[in-house]
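Hi there,

Here is the structure I promised to pass on. Have a look at it first, and then read on for my notes.

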Amino acid sequence: MKNAYNKTVAACFLAYIVQAVINNFAPLLFLTFQSDYGIPLSQITLLVTFHFGIQLAADLLSVGFVDRIGYRASMVLAHILSGVGLLLLTVLPELFGFGGILFSVMVYAAGGGLLEVLVSPVVDACPSDHKEKAMSMLHSFYCWGHVGVVLLSTVFFHIWGVENWKILALVWALLPLLNALAFTRGPMASLIQDGEQGMKVGQLFSRKTFWLLLLMMLCAGASEQAVSQWASAFAEKGLGISKTAGDLAGPMAFAVLMGLSRVFYGKYGDRILLERFMVLSCGLCILAYLGVSLFPSPQLSLAACAVCGLSVGIMWPGTFSKAAAMLPAGGTAMFALLALGGDAGCSLGPTLAGMVSGAAGDNLKLGILAGAVFPVILFACLVLFRKQSHKSGMNVYMQGKNSTTCIKL
């Protein structure tokens, strides 16, 4: 029976590649939009804020309709929105300029926001002996999608020219549209046991455990993006290299090591306690932030950026796994709100780093040093979980060899 769900899990892996396309393709074209359509840089910057704002709205609104229409219909809808948004990006800017780009971003960002809510719980619901491993491997595909989007797009632009970007957008649009078909056929497991109901938003908000998990998700997203979003600019400014080289040395190296971290836990997670792995990763992340900020050598600081990618890999999927184990009846509302918290962190982290950098005379090192507060808070949350478990007699652990999750209250 479990083998029947392999196609669904594979489609979920592809769904995270779709989300990587949604989040990372358009930024490669920002300067092209500026020159081709006469759009000022201030409006180009607005696209980033608007994009993540729409994703946050999708996270929040999904609580009200996903359970009503079902996960299959919601997943198909998310892929269609993603594909149609990319298709519109090749048409609407010619007709409506910046407004056309904004509308296209709204459509595919809504799809991306839904995917953030849907993919993890669908994989968690599929029968598996090693859910934590599957979750980590799932999230690694976002990293490989990010790497693939940048590399393949760079190669395409080098060979055929950036002026032919619309052809590439059409190619990328095929991926979500074809993957939507996969979700019309594969089996879908229920998130909760038969006869039970998922927790409501009010029930979740009444649980201290949920608030702690939500804070962990916010810090996970912020820890990841505070360095990732500024890595390219840091490489260009610190090393004086070209943008292409900066992208490869900065965010590309970050994404590769983050993906390797997730693949490592996805392969060996049955031998490693999840909570311990997360604690060690937080410690490494704090050291990486300090290295980026305090190393006198730009090359060492850039290496610390890459190490940061390695350290944050488990934070997001690990928090999802802990939430699924500690609040098994959380249902759609829990996953949607956790995704909301994570996306809020993805916006808050680089925003804080940018604001501090600007106040310090464009000193990116000080901005990233300020971002170290997020892995510190996440580390404190994990320590607090351990103290609470000892104090209340709760024994929560991710078992090793048989990878079972035991919750004793």
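Predicted model: local features only at pLDDT ≥ 70, side-chain atom pairs only at ≥ 80, totals over all residues.

The protein chain has 409 residues, and 52% of them are buried. Its secondary structure comprises 17 helices and two strands.

Helix H2, residues 30-37, has two sides worth a look. Phe30, Thr32, Phe33 and Tyr37 are its buried residues. They sit on the same side of H2, because the arc they cover around the axis is only 160°. Leu31 and Ser35, on the other side of H2, are exposed. After H2 comes glycine 38, which has a positive phi, near 60°.

The residue I would show you next is serine 223, in helix H10, which spans residues 208-239. Is serine 223 buried or exposed? Its relative accessibility is 0%, and since the cut-off for buried is under 20%, serine 223 counts as buried. Its side chain reaches back to the backbone oxygen of cysteine 219, at 2.6 Å. Apart from neighbours within four places in sequence, serine 223 is in contact with Cys285, Tyr289, Cys308, Val312, Met315, Phe374 and Pro375.

Terms used
Residues numbered from 1 in each chain as written. Heavy atoms only, no water. Helix = DSSP H or I, 4+ residues; strand = E, 2+ residues; numbered from the N terminus. Buried < 20%, exposed > 50% of the residue type's maximum accessible area, 1.4 Å probe, protein only. Polar contact = N/O pair within 3.5 Å; in protein donor to acceptor, adjacent residues only side chain to side chain. Contact = heavy atoms within 4.5 Å. Arc of directions from axis to C-beta.
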